[in-house]
Every structure is written in C-alpha cells, then in structure tokens.
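My plan is to look things up one by one and write down what I find.

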Amino acid sequence: MTNAPFFITKAILKEMITHCQNELPFEGCGLLSGKNGIATSIWPMENISYSPNSYSMDLKQIEEVFDLINKQNEKLVGIYHSHPTDRAYPSPEDITYNNYPEIAHIIISFARSSTQPDVSCFYLRGTRVIPLKVEKIKEYNI
Ligand SMILES: [Zn+2]
C-alpha cells in the first residue's frame, strides 16, 4: 500500500526548513494552512519550551494564527516541528501529547545533516503512527 500524499509547495517547504534551521539547537515549530488540504501558507511559531528535544506553542499565539487562517478562508492542514538530533519519526511525547489526529504532522530531522534535513509526515491517531508521503508541488492556484 502506498502512503497517502501530503501536498506542500516547494516554497513553503523551503521556508519551513529555514525556520527550523534558524531555531537550532532548539526544536522549531509552526503551523501550515491552505485550501483543499494543500499547504500554501506557513505560520512559524515560537517554541516556548526552548528545548532541543521538545516543543510547545503559546496558546495565545495559536489563537491569533487561527484567526488569521480563518480570515484567509484557509484551514489548518499541518503542524511542523524539528528534531535537531533525533530521526524524522514521532517521539513518544509527540504521540502522547498530540491534540490534532486529523492534521498532518511534519517532522524535519537534522540528525544526518543541518543543510539537507530529512522531512517526513504522519497522522498521529491515538497510538497509531500513519505515514504520509510528502508531495512537493511547484505552486498552487485556486
Ligand atoms: Zn518531535
């Protein structure tokens, strides 16, 4: 069985990687929104844990970003965070503290390279980790 695709524009993917590179040695995190399930907007968030192996987002900042996503007539389609030294697979904490089972989770791992990170994507449903295929698209117009 092939994994279901998660569509993201190349520009957003690049911005996401750059954001997480800038947050090193800490984990970086952020939200992705778009229409028809395709990630076309990126919302870099502050990792208020300032930690190399965990992240948490400020609830007030989340609310502000959700408002802006609504104003753009978009929906939340993805949550990303980086693993500065761990592999591109959800940690036990990522699985335990996940509140968004319907949203794709993108993990950017710098374990092998800080310039060419591994990017993977999953649904986290209860204790199930369902891999998705990251599909890069050039651009997306409605
Ligand atoms: Zn993680």
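Predicted model: local features only at pLDDT ≥ 70, side-chain atom pairs only at ≥ 80, totals over all residues.

Which residues touch the most other members in the largest nonpolar core? I looked them up and noted I12, M16, L32, A39 and Y80. That core has 27 residues.

**Entry: who supplies the core**

**Entry: the whole chain**

I counted 3 helices and 7 strands in the chain. Read from the N terminus, I get the run β-α-β-β-α-β-α-β-β-β. I looked up the radius of gyration next, and it is 14 Å. The globule rule gives 14 Å for 142 residues, so I can call the chain as compact as a globular protein of that length. I also noted the box filled by the C-alpha atoms, roughly 40 × 40 × 30 Å along the principal axes.

Buried residues make up 32% of the 142 residues. I then turned to contacts between residues at least 6 apart in sequence. Of these, 65% join residues at least 24 apart.

**Entry: the sheet**

In what order do the strands of the open sheet lie? I wrote down β1-β7-β6-β5-β4-β2-β3. The sheet has 7 strands, and the pairing is mixed. I see β1 and β3 at the edges. Each has a single partner strand, so one side of each is left without a neighbour in the sheet.

Next I placed α1 against the strands. I found that α1 lies across β1, β2, β3, β4, β5 and β7 (128-137). Its angle to β1 is about 85°.

How do β2 and β3 pair, parallel or antiparallel? They pair in the antiparallel sense, over 5 bridges. I traced two of the partners in β3: L31 is bridged to W43, and S33 is bridged to S41. The two strands form a hairpin with 6 residues between them.

I stopped at N36, which sits in the turn of that hairpin. Its phi is near 55°, a positive value in a residue other than glycine. I made a side note that most residues other than glycine have a negative phi. Is N36 buried or exposed? I found 11 C-beta neighbours inside 10 Å, so N36 counts as exposed.

I looked for another positive phi and noted N73, with a value near 55°. N73 is in the loop between α2 (59-71) and β4. It has 9 other C-beta atoms within 10 Å, so I marked N73 as exposed.

Where is P25 placed? I found P25 in the loop between α1 and β2. The peptide bond from L24 to P25 is cis, with omega near 10°. I noted beside this that most peptide bonds are trans.

Key. Residues numbered from 1 in each chain as written. Core = buried A, V, L, I, M, F, W, Y, C linked by C-beta atoms within 7 Å. Buried ≥ 20, exposed ≤ 12 C-beta atoms within 10 Å, placed from the backbone. Pairing = 2+ DSSP bridges. Helix = DSSP H or I, 4+ residues; strand = E, 2+ residues; numbered from the N terminus. Contact = placed C-beta atoms within 7 Å. Axes fitted to C-alpha atoms, helices over the stretch in contact; angles between N-to-C directions. Rg over C-alpha atoms; globule rule 2.2 N^0.38 Å.
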